[in-house]
Amino acid sequence: MNDLELLDTYGPDAPPPSDAALDAARARLLGAMDPATARPRPSLTRGWGIAVAGLGLAAAVAVAGVTLPRIADRPAPGVTATTGSGPIRLVAAAKPEFPWTLPGLGKASFTANPGDPVIAVYLAEDHSDVYLTSTDAPSKGEPADVGGRPGRIIEFNGTTDNGRPPLDLVWEHRPDLWLRLTGQGRYATPEALIELAGRVQDKPQRLRFEVTVGLIPDGWELAAFKDESILTYRDPADPGTDFSVQWTPKGEPLFRAREIEGMENASKVTVQGRPADLFRAGEFWMVQARLADGSIFRLMTPRSFTEEQALELAGSIRRST
Amino acid sequence: MHTADDVLIRESVREPDRFAPLFDRHAVAIHRYLARRIGAPADDLLAETFLIAFRRRAAYQPLGLEVRSWLFGIATNVLHRHVRQEERRYRALARAVAEQPRPHADDSAEDRVDAAALRSDLAAALARLKPGDRDALLLLAYAQLSYAEIAVALEIPVGTVRSRISRARKITRAALSLPAELSPLEEEK
């Protein structure tokens, strides 16, 4: 037996994972995939976590995220609360955008991982799907020329169900700005990808969600979204501090006070001229209100917001047009 | 049909549910690797490893790296925040075993049949290794990754892997009273 075999045989060992441990880890992963089915798990967010039974808002933070420029300018009244990075000042939120357009592939949908760039996804009936996103300069791959700009073709070491591997093209779209195109099916060739790259325009696309948030704390940014109906903004200086808005269609049941974990106080308030619920829990505020079309939104903010700021923010939420 | 790991990752960018089979395939192995290094906190770190992998799935590049190796690399990075805890565990194991009687202890490692003594020596040796050296050695010994796979998983040159493993093995062999010289075959295992 050599030293490696001795290490493997006699090195520190541990019992296999219990079923409970595996189930818990799997549940956390599934929760990140689909917050609607996630069980509340405080460990998924830092600071205020999830405490609303069955809501799963905080789990959504782990599902889809974006890196977008700061989008705030106009100060609004109500400047008293603080977070870990300083006082909260609500300002007008600009509409989030994806900076590029790829014409000819139909309407894009968008996804992202928390803190990572947004990916524009162009789906095709024949599964010749295309993804477009920003990335870092590549260190590997076959050199490619994209209209005189450097690029790399990166092969995918595997196959898809239709037997053809997707292909990546990473190229310098603008100086020090690298984009990645992933092509599948008929777009999984260097020629097709280079042709597609030539079509990419610096034309922003609006990221459309079911609701828009009109006010956000100064300096905060859109950090995650899921199914166009859950939005999370966070403080980049303190990424564990965030607020989330979940929209649901009309007809969905309203949360009742007894369903809120850590509940301290429930009160009736008015938001946008309609009756609404304000819940104060140990670690968060939750505002539950109806919009003009009868649909419902639920806003959860850290307790570091003042009650007035939570209500003011709720008052700025509108159905997207 | 058994879909390849890398295909599942690609598909999961658009359909997140496609990521779930990767957990079922690799969770036990990743947990064992974590648990051997850090003990009970492995339960939490397992979830953390797969959550990070899920969030980074769109950035996964299969160049020279199987999904299994990629996951071991993420698990190793997760462990970096717990280096002191890992080293404390090794020292505690070394002490605990060393305090037991060694009925068959001998100066020669080849003759040493006392597994407890081996465990003590190995734990003490692991505690002494530099964290980077230990990562490379344990990815080789526990996860059976090749030098090239370790290089990609840890994002370091393969030459660095070779020197780290060489350094780490020298220390563990000394702790086991094994000859210091390695055959080329052993070196490149």
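This is a predicted model: local features need pLDDT of at least 70, side-chain atom pairs count only at pLDDT 80 or more; totals for chains, interfaces and linings use all residues.
Ground rules: residues are numbered from 1 along each chain as its sequence is written, and chains are lettered from A in the order in which they are written. Local features need pLDDT of at least 70, side-chain atom pairs count only at pLDDT 80 or more, totals for chains, interfaces and linings use all residues, and side-chain values use heavy atoms, with hydrogens and water left out.

**Exercise 1. Work out the secondary structure of chain B.**

Step 1: count the elements. Chain B has ten helices and zero strands. Helices here are DSSP runs of H or I with at least four residues, strands are E runs of at least two, and both are numbered from the N terminus.

Step 2: check the cover. Of the 189 residues in chain B, 54% are buried, where buried means under 20% relative accessible area with a 1.4 Å probe, protein chains only.

Step 3: zoom in on one helix. In α1 of chain B, residues 5-14, nine of the ten residues are buried. Among them are B:Asp5, B:Asp6, B:Arg10 and B:Glu11.

**Exercise 2. Find the residues that touch the most other members of the largest nonpolar core.**

Step 1: A nonpolar core is a set of buried Ala, Val, Leu, Ile, Met, Phe, Trp, Tyr and Cys residues joined through side-chain atoms within 4.5 Å.

Step 2: The largest core holds 66 residues, and B:Leu46, B:Phe50, B:Trp70 and B:Ile150 touch the most other members. A second, separate core has 59 residues, including A:Leu90 and A:Phe225.

Step 3: Beyond its neighbours within four places in sequence, B:Ile150 is in contact (heavy atoms within 4.5 Å) with residues including B:Leu139, B:Leu145, B:Val161 and B:Ile165.

**Exercise 3. Describe how chain A and chain B meet.**

Step 1: count residues. Chain A brings 49 residues to the contact and chain B brings 57.

Step 2: get the area. The two chains bury about 4,600 Å² between them, 62% of it on carbon and sulfur atoms; buried area is the accessible area (1.4 Å probe) that two parts lose on being put together, summed over both. On the chain A side, A:Leu4, A:Tyr10 and A:Pro12 supply 15% of the area buried against chain B, more than any other three residues.

Step 3: look for charge pairs. Seven salt bridges cross the interface, each a side-chain nitrogen of Lys or Arg within 4 Å of a carboxyl oxygen of Asp or Glu. One salt bridge joins the side chains of A:Asp8 and B:Arg36, at 2.8 Å from N to O.

Step 4: name the main element. On the side of chain A that touches chain B, α2(A) gives the most, with nine residues.

**Exercise 4. Decide whether B:Asp135 is buried or exposed, and find what surrounds it.**

Step 1: B:Asp135 sits in helix α7 of chain B, residues 131-141.

Step 2: read its cover. With a relative accessible area of 5%, B:Asp135 counts as buried.

Step 3: list the partners. Leaving aside neighbours within four places in sequence, B:Asp135 is in contact with B:Tyr33, B:Arg37, B:Thr76, B:His80 and B:Leu154. B:Thr76 is 59 residues away along the chain, yet the two C-alpha atoms are separated by 6.8 Å.

Methods
Buried means under 20% relative accessible area, exposed over 50%, partly exposed in between (1.4 Å probe, protein chains only).
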